[in-house]
Amino acid sequence: MALTEVLVLIPEERVAEFYRLVGNWMGGESVEQEDAASRRGRRRRRPEGLKLASSSRYAPLHDHLKGVAKDKKTYELSFDEIATIMGAKLPQSAYDHRAWWANTESHSQALAWISAGWKVDKVDLEGQLIHLVRQR
């Protein structure tokens, strides 16, 4: 199969929607099927037991976030703090692209915070900070 590289420019606030649409397309679900499901008030079900593998390089971040006091509803971390928690530097794309921080379950880094009960609310690439909000 021949592959073609495509550059797509999208507004930053629509990155998550873009990943959802591409993920649905790659999974064989058409835009019409997704739209119909949304109109009926149904969403694709999240697979049961979706969790980060203990061997993932992001497992220490997951464990750290799971350990945050339950009464804490928001949490801020610097990129350096995350690297220290992980015991390894973040990939360069984390420093360069807001999309790396998208709450997309198909990405292991996002699964680390999502499965720990958090979502990234804001990213400050210049200040190298993320702001998380508790989801459960």
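Me: Which order do the strands of the sheet have?
Reply: First the idea: strands (E, at least two residues) and helices (H or I, at least four) are DSSP runs numbered from the N terminus, and two strands pair if DSSP finds at least two bridges between them. Here you have an open sheet of 3 strands in the order β1-β3-β2, with antiparallel pairing. β1 and β2 are the edge strands, each pairing on one side only.

Me: What should I know about the model itself?
Reply: It's a predicted model, where local features need pLDDT of at least 70, side-chain atom pairs count only at pLDDT 80 or more, and totals for chains, interfaces and linings use all residues. Residues are numbered from 1 along each chain as its sequence is written, and side-chain values use heavy atoms, leaving out hydrogens and water.

Me: How many bridges join β1 to β3?
Reply: 5, between residues 74-78 and residues 129-134; Thr74, for instance, stands opposite Val133.

Me: And what do β2 and β3 form?
Reply: A hairpin with 4 residues between the strands, where Gln128 in the turn has a positive phi of about 55°. β2 (residues 118-124) pairs with β3 over 6 bridges; Lys122 has His131 as its bridge partner, and Asp124 sits opposite Leu129.

Me: Which helices lie across the sheet's strands?
Reply: Contact means heavy atoms within 4.5 Å; axes are lines fitted to C-alpha atoms, for helices over the stretch in contact, with angles from 0 to 180 degrees between N-to-C directions. α3 (residues 59-66) lies across β1, β2 and β3, at about 145° to β1. α4 (residues 79-86) also lies across β1, β2 and β3, running at about 85° to β1.
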